[in-house]
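Here are my notes from a walk through this model, as numbered points. Keep the viewer open while you read.

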Amino acid sequence: VQSQPGRALTFDGVNDYVSLGSPAALQLSPGSWVISYWKRSTVIVEGSASCGSAAWIVSSARFYYRGAWRNWAVSEPLTDAWAHIAIVYDLAATTLYRYINGSLTDTVTGVTGAHGSGGEVRIGNYGGSFFTGKMHDWRIYNRALTATEICNLYNATKQSGGDVAGTLYAANLIGWWPCEEINISSIRDASGNDRHGTQSGT
């Protein structure tokens with residue numbers, strides 16, 4: 001089942017990315033968190049899995065995470081169809097989970113200190129690697145959603161017009177970028193927290 005967004009951000013794989021600055025809340029520390037988004041891409045550009053000082057990014061059709069002690073990179077589906085991705089960190093369980101289209105696909109245990117290091121947070125770029133494809137409906141939550149809640153989030157957002165008010169688990173929503181702007185020089189944070197992004201590239 002594909003997402004049917006009204007609009008989505010297109011990344012050219014050359015120099016496009018979105019900067020969210022370096023607000024403390026987006027460093028995801030301390031505590032549990034969820035990052036979810038929709039993506040569509042059939043292109044992968046190989047690049048380093050080291051994220052430097054970034055808190056989290058998507059680049060080269062992979063999810064990259066860097067903590068103080070390790071990197072984690074997992075391949076994402078390369079298909080000409082929309083896929084919903086959710087990365088969950090459960091502090092109490094010291095475990096990272098990755099879900100695709102509401103189903104658990106990857107688990108990494110023994111993860112402590114899963115947070116950024118204070119640097120710039122970007123979508124679509126790290127170093128010389130740039131994402132090629134489309135993205136839509138980025139969300140960050142400050143708690144670990146359960147498997148059932150992730151499935152609910154997938155089902156609520158997979159059709160055009162789903163959860164357009166951002167009410168699903170809104171008490172824990174610290175950033176939400178629907179990515180439906182016509183002018184993508186400014187990417188609106190619809191969570192009410194005013195963590196707006198800026199687009200770079202051509």
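1. Strands (E, at least two residues) and helices (H or I, at least four) are DSSP runs, numbered from the N terminus. With that in hand, look at the open sheet of four strands, ordered S10-S2-S16-S15, where the pairing is antiparallel. Which strands stand at the edges? They are S10 (122-123) and S15 (186-187); each has a single partner strand, so one side of each is left without a neighbour in the sheet. S15 is joined to S16 (residues 197-200) by two bridges, and these strands run antiparallel. Within that pairing, Ile187 has Gly197 in S16 as its bridge partner.

2. A word on the ground rules. This is a predicted model, so to speak: local features need pLDDT of at least 70 and side-chain atom pairs count only at pLDDT 80 or more, while totals for chains, interfaces and linings use all residues. Residues are numbered from 1 along each chain as its sequence is written, and side-chain values use heavy atoms, with hydrogens and water left out.

3. Next, have a look at S13. Eight of its 10 residues are buried, where buried means under 20% relative accessible area, exposed means over 50%, and partly exposed is in between (1.4 Å probe, protein chains only). S13 runs antiparallel to S1, with four bridges joining them; Leu9 has Met135 in S13 as its bridge partner. S3 also pairs with S13 in the antiparallel sense, over six bridges, and there Arg40 is partnered with Lys134 of S13.

4. A nonpolar core here is a set of buried Ala, Val, Leu, Ile, Met, Phe, Trp, Tyr and Cys residues joined through side-chain atoms within 4.5 Å. The largest one has 27 residues, and Trp138 and Trp177 are those with the most contacts inside it. Six strands each supply at least two residues of this core: S1 (9-12), S3 (33-41), S7 (79-90), S8 (95-100), S13 (132-141) and S14 (173-177). Which strand gives the most to this core? That is S7, with four residues. There is also a second, separate core of 12 residues, with Ala86, Ala144, Leu153 and Tyr169 among them.

5. Now the aromatic rings. A pair of aromatic rings is described by the distance of the centres and the angle of the planes. Rings of Phe, Tyr and Trp (its six-membered ring) pair if their centres lie within 6.5 Å; planes under 30 degrees apart count as stacked, over 60 as edge-to-face and the rest as tilted. The count by this rule is four aromatic pairs. Tyr37 and Trp138 form a stacked one, at 4.3 Å centre to centre and with 10 degrees between the planes. This pair links distant parts of the chain, since Tyr37 sits in S3 and Trp138 in S13, 101 residues apart. Tyr37 counts as buried at 0% relative accessibility, and Trp138 counts as buried at 0% too.

6. On to the charges. Side chains of opposite charge can pair when their charged atoms come close. How many salt bridges does a search of the whole structure find? It finds three, each being a side-chain nitrogen of Lys or Arg within 4 Å of a carboxyl oxygen of Asp or Glu.

   - Asp106 and Arg98 meet at 2.5 Å, N to O; Asp106 is partly exposed at 22%, whereas Arg98 is buried at 5%.
   - Arg139 and Asp137 have their closest N and O atoms 2.6 Å apart; Arg139 is buried at 0% and Asp137 is buried at 7%.
   - Arg143 and Glu149 have their closest N and O atoms 2.9 Å apart; Arg143 is partly exposed at 25%, while Glu149 is buried at 16%.

7. Ala156 is found in H1 (residues 147-157) and is partly exposed, with a relative accessible area of 25%. Its C-alpha atom is separated by 8.3 Å from that of Leu168, 12 residues apart along the chain.

Notes: Pairing = 2+ DSSP bridges.
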